[in-house]
Amino acid sequence: MRNFGIILAHTYKNRLMSKAFLISTAITLVFMMFIINMDRIFMMFEEDAESRGVEVALVEESGEWFLPLSEQLEPHSDRIQLIETSLNEEEALEAVSDGEYGAALVVQESNDGLPRATFYSDSLAQQFTPMQIQNALQHIKETQVTQELGLSSEALAEIYSPVSFETSTVSDSARSERELNQARSFVYVLLFVIYFSVLIFGNMIATEIATEKSSRVMEILVSSASPVAQMFGKIVGIGLLALTQYGLIFLVAVGSSVVSQEEGEGGFTMIQTLLGESIPLDLIGYAVLFFLLGYLLYATLAATLGSLVSRIEDVNQVIGPMNLLVIVAFFIAMFGINAPESSFITITSFIPFFSPMIMFLRVGMLTIPLWEFLLSVGILVSTIGILAIIGSRIFKGGVLLYGKSSAFKDIKRAIQMTKKE
Amino acid sequence: MTLNITNITKRFGPSLAVDKLSLQVPKGEMFGMLGANGAGKTTTFRMMLGLLEPSEGEITWNGKKIDYSRTNVIGYLPEERGLYPKLKVRDQLIYLGRLKGMAKKDILVEMKKWLDRFKITDYESKRIEELSKGNQQKIQFIASVIHKPELLILDEPFSGLDPINAELLKEAVIDLKRQGTTIVFSSHRMDHVEELCQHLCILHHGSPVVQGNLREIKQSFRNKFIVIEGERSFDFLKNLPGVIKFKQKQEGVRLQVEDEEVAKVIFSHVAKEGYVRKFEVEEPSLQDIFIEKVGTAYA
């Protein structure tokens, strides 16, 4: 037990201080901050492009549209400047193509006295200005028509107010639409977390063990500490490393989204979409549980496989099938996110190598009986237990095995090493 | 405090690695384990360490079986050298020392002492991969003795070292023995075994072919060796009765004869023929015994 702690600390410290870990964590953090602040970053560039403001020349015959239009465009006066001109349409167009004005707006009256307008500019790529002008004109037109019909503005407001329409379920415990969306995004994130954790940290464990074997330091280690302590010291050490990295990412994500909220940007941030208004504690609990179980399962497998090879180059060969298993689980889960109630998903949620992802998906998105949840977790935990027992036996023999063959027949040889005969 | 190996056999499936080996190593003794490559030395060591389970028989230290609860009392220098290449000497020794149950400050004290003794104090904060092979080996030796083990197992401790460093390590081993450490070691170098061990065992295909006290082994080996040097042919000696082996050398011949009586006969023959520069009857060396028992395939 004492050696378990020493090995754990050694693994954790060495990996934490390694250049590879520091650099990859830094890159992930920068990327995370970029994603979270993406809308603000885009805004920065956009403001730059449109902040100069557009001068729009107004061409009209009656001269009665300038005032109401200017009034309507008042909130955007820093970006749209409406200028009254005495030019005719052709002259105005010329002025626009000469660059004197940014755009020209020609307003005519149709037979029933309603406005009809054409917007001219040298490029149609700009959406903002014509849209605002159109809205303004629309509003003017509506006011004009309602006045002619003798409607009050209250009556108009009533016409435009949206109908009340809500979806709800008859079951008390079923998830509301909003909760379901929340759960879906949560499940998405966790699926990726499990997927990448297994690929990155599983391989890290296998490589770590193969490195110790190839540098032959394993010979000394096995004479000092039991293989079980070594194997689980490594698994837990790397696990803590993973949690450290995710903890950091989470802190930075929450921190930077809080900052952007405080600055009063208002708009939706990633974290808000993810968590909704309140943080779903039960979902976070499930997420942590299934992450840990999934990690333990695959890490035990990776440690076992890593002990079978004696050269780092061979690690990928033995780890390959395990990675494939994770990828399959990932794709099943991606399918399941759109059809969580299909029987295929129900069945696979009890298969230990898939259940960390798929049972979480079901728990997160559906209301499932407690026994199903407990059964799945039970199967998962006992599989981890069995794998740990078999794994530590293979590990014990495997670390003494050296040879170029890295085929799976080595499992048999490794177990034979630990037997009496 | 005796290492007791009682009638152990180790099979890996159909192949037999060690066959009915029994030996005792009393406290403070240095025991030599000899054998050709693949004779079963490393397997025997691994069984002593509890890494492998003997198929039959048992190994005890101080009356009890060796397992992971008692690794603190054992030091092991494996034949295959290896340390963490990226780790500094200091961190390396701290890690390995702590696995043997030492406190960090004790490790640092011992480490200074040993580095000083091996004249490599400058390397304390160097990474292992920056060290020469010989110096890496010294570090690994330190790692196996830093916790002052009662039983020290050294698998080929001097292989790959230059004569000066081999001497340095040999002195360290002798000192440890003087301090009461029980040492078992294997070597291909017969001269080292002759120099260091009172007791030894020669393994051949997993079974002990020679075993016991070095002096007694030599005495019980009745064959003598005769070295004759001179400027003429000694071929006529080849067919004399009692001559077991005849080996032509640069300066003359080396004969293996049944016993001292045969040597006397040969001397009279040689003297009859005339002058020789050298005529010497030698006691058998361990090398001779080894070759005799294990076969000329390995020399």
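Figure 1. T129(A), I133(A), A136(A) and L137(A) are the buried residues shown in α6(A); a residue is buried if 20 or more other C-beta atoms lie within 10 Å of its own, exposed if 12 or fewer, and partly exposed in between, with C-beta atoms placed from the backbone. Seen down the axis of α6(A), the buried residues fall within an arc of 95 degrees and so line one face of the helix, the arc being that of the directions from the helix axis to the C-beta atoms. An α-helix has 3.6 residues a turn, so residues three or four places apart point the same way. The exposed residues M131(A), Q134(A), Q138(A) and L149(A) sit on the face of α6(A) turned away from its buried side. The cover over the buried residues of α6(A) includes β1, α4 (66-72), β2, β3 and β4 of chain A. The end C-alpha atoms of α6(A) are 32 Å apart, which agrees with the 32 Å that its 22 residues should span at 1.5 Å a residue; the expected span is 1.5 Å times one less than the number of residues. G150(A), with a positive phi near 80 degrees, follows α6(A).

The model is predicted: local features need pLDDT of at least 70 and side-chain atom pairs count only at pLDDT 80 or more, whereas totals for chains, interfaces and linings use all residues. Residues are numbered from 1 along each chain as its sequence is written, and chains are lettered from A and ligands numbered from 1 in the order in which they are written.

Figure 2. Four strands of chain A form an open sheet of mixed pairing in the order β2-β1-β3-β4. The edge strands, β2 (80-84) and β4 (115-121) of chain A, each pair on one side only; two strands pair if DSSP finds at least two bridges between them. Helices (H or I, at least four residues) and strands (E, at least two) are DSSP runs numbered from the N terminus. Neighbouring strands of this sheet are turned by 25 degrees against each other on average, direction ignored. Strands β1 (residues 54-60) and β3 (residues 103-109) of chain A run parallel and are joined by 5 bridges; A57(A) has A104(A) in β3(A) as its bridge partner. Helix α5 (residues 89-98) of chain A packs on the sheet, touching β1, β3 and β4 of chain A, and its direction makes about 165 degrees with that of β3(A). Helix α6 (residues 128-149) of chain A lies across β1, β2, β3 and β4 of chain A at about 170 degrees to β4(A). Axes are lines fitted to C-alpha atoms, for helices over the stretch in contact, and angles run from 0 to 180 degrees between N-to-C directions.

**Figure 3. The surroundings of K41(B).** K41(B) belongs to helix α1 (residues 41-48) of chain B. K41(B) counts as buried because 24 C-beta neighbours lie inside 10 Å. Not counting residues up to four places away in sequence, K41(B) touches M33(B), G35(B), S186(B) and L203(B); contact requires C-beta atoms, placed from the backbone, within 7 Å. The C-alpha atoms of K41(B) and D155(B) are separated by 8.3 Å, with the two residues 114 apart along the chain.

**Figure 4. Two residues with positive phi.** Most residues other than glycine have a negative phi. R216(A), in the loop between α8 (177-214) and α9 (218-224) of chain A, has a positive phi near 65 degrees. K20(B), in strand β2 (residues 15-25) of chain B, has a positive phi of about 45 degrees.

Terms used:
Two residues are in contact if their C-beta atoms, placed from the backbone, lie within 7 Å.
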